[in-house]
Amino acid sequence: MFIDQVNVYVKAGDGGNGIVAFRREKYIAMGGPAGGDGGAGGDVIFEVDEGLNTLLDFRYNRHFKAKNGVSGLGKGQHGKNADPLIVPVPPGTTVIDEETEEVIADLTEHKQQMKIAQGGRGGRGNIRFATPRNPAPNIAENGEPGQERNIRVELKLIADVGLVGFPSVGKSTLLSTVSAAKPKIADYHFTTLAPNLGVVETNDHRSFVMADLPGLIEGAHEGVGLGHQFLRHVERTRIILHVIDMAGIEGRSPYEDYEKINKELAAYDPRLLERPQMVVANKMDMPQAEENLEEFKQKVNEKVKIHAISAFTKKGLQDLLYSIADMLDKIPKVTVEIEEKDEKAVYRHKKAEEPFSISRDSDGAYVLTGDQVETLFKMTDFTSNESAQRFARQLRALGVDEALRKRGALDGDTIRLLDFEFEFIE
Ligand SMILES: Nc1nc2c(ncn2[C@@H]2O[C@H](COP(=O)(O)OP(=O)(O)OP(=O)(O)O)[C@@H](O)[C@H]2O)c(=O)[nH]1
Ligand SMILES: [Mg+2]
């Protein structure tokens, strides 16, 4: 199995900040809190688009950031939620968390969606902090940071197009000129020992997967040469690209080559001849090739499409690629047989994490880390005294004070959290 993989960074939008505001109405002094909540940050969502069959788009763009929520407004108005960022992926895409190696999503059906990063919730405005004891609170929360993660996007490649032909006709050369694949190329037979796959992109941005298969020779279906082990790959391709050395460099007749390979395919599985086929007349840069091609065309009476190219000089390649892409557009996709059926979608819960942990820096400061305390910190508006006090209460409730005391922290010691420092106060 060939796997294409790309490392990608995703970041969901942060929630908008809640705000502190007060009603100002005639005759009502300090008319009560009126700061609205921030809007939610946008999620990052992957969605299957069955029109895609490669991860090529990810090669150009590896950062996906959803928009942040809008801050709350006065008069109790809620800030606008941000729209999710929808990223199209081909069917068969698996998404893995780089850090935990967990499979986050297994996307197979058209339009199937999976949330890859959760947008932060909006911070609460001061309306929400009003209590009978504190009817005019000066507290608002900042928005919750959006989830960010490094992921690996994987796609099991299934070849749309298979290159078949005698050894040394130029199959690997062709693949190497139309894709980033780097198969070994040489003028001896059976240079290619195992299939190579490459992702091909046409100038009009259609893409497909091309497989370069080891050369076939007469008797391949009975195990002569190497090809028979790989004929099963041909079974899964949607188009067979039949590569022929039209210059007849090794003294064989191009037409006989064509017939022999077709015979081998039929002997392996007669249905292979029903598979759409295109003939690639290669090595057209060589003397004799034009003449041979004319002769070949006369002998092939079937309506098989013939493309004259030179993998060497790249002549005729653009036309060939367009022609393949057009043909693929018309052929219904063989539903991707995902081989490991049991690898189904899972969305496991994150292991329960400690809300915080404490370590010491070399200067003696106590360093506070952990998702939960860091999130609380980011959601605190330290320009407001009341908010800062609320943060202190939240830490106490989490048991931070208690834990610091146990580690030996004394009144006045430095506590570090992210880029900030405060004093431990008993
Ligand atoms: N003149 C010319 N030579 C070519 C062309 N394409 C390939 N060749 C040469 O043909 C030889 C065989 O090319 P490969 O691409 O290794 O052939 P292959 O079909 O992959 O061969 P196997 O892997 O052995 O089955 C190499 O020496 C290439 O340089 C072409 O268009 N023109
Ligand atoms: Mg080869």
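**View 1. Helices α7 (residues 371-378) and α8 (residues 385-398) pack at about 165°, with axes 10 Å apart.** That angle makes α7 roughly antiparallel to α8 (over 145 degrees). The crossing of α7 with α8 is right-handed, meaning that the near helix is turned clockwise from the far one by less than a right angle. From α7, Gln 372, Val 373, Leu 376 and Phe 377 meet Phe 391, Gln 394, Leu 395 and Leu 398 of α8; contact means heavy atoms within 4.5 Å. By class, this contact of α7 with α8 has six nonpolar residues, two polar and no charged ones. The model is predicted: local features need pLDDT of at least 70, side-chain atom pairs count only at pLDDT 80 or more, and totals for chains, interfaces and linings use all residues. Residues are numbered from 1 along each chain as its sequence is written, chains are lettered from A and ligands numbered from 1 in written order, and side-chain values use heavy atoms, without hydrogens and water.

**View 2. Lys 75 has a positive phi, near 55°, and is not a glycine.** Most residues other than glycine have a negative phi. Lys 75 sits in the loop between β3 (63-65) and β4 (85-89). Its relative accessibility is 76%, so Lys 75 counts as exposed (over 50%; buried is under 20%, partly exposed in between; 1.4 Å probe, protein chains only).

**View 3. Leu 418, also not a glycine, has a positive phi of about 55°.** The loop between β17 (414-417) and β18 (420-423) holds Leu 418. With a relative accessible area of 38%, Leu 418 is partly exposed.

Notes
Axes fitted to C-alpha atoms, helices over the stretch in contact; angles between N-to-C directions. Helix = DSSP H or I, 4+ residues; strand = E, 2+ residues; numbered from the N terminus. Parallel < 35°, antiparallel > 145°, perpendicular 65-115°, else oblique. Nonpolar A, V, L, I, M, F, W, Y, C, P; charged D, E, K, R; others polar.
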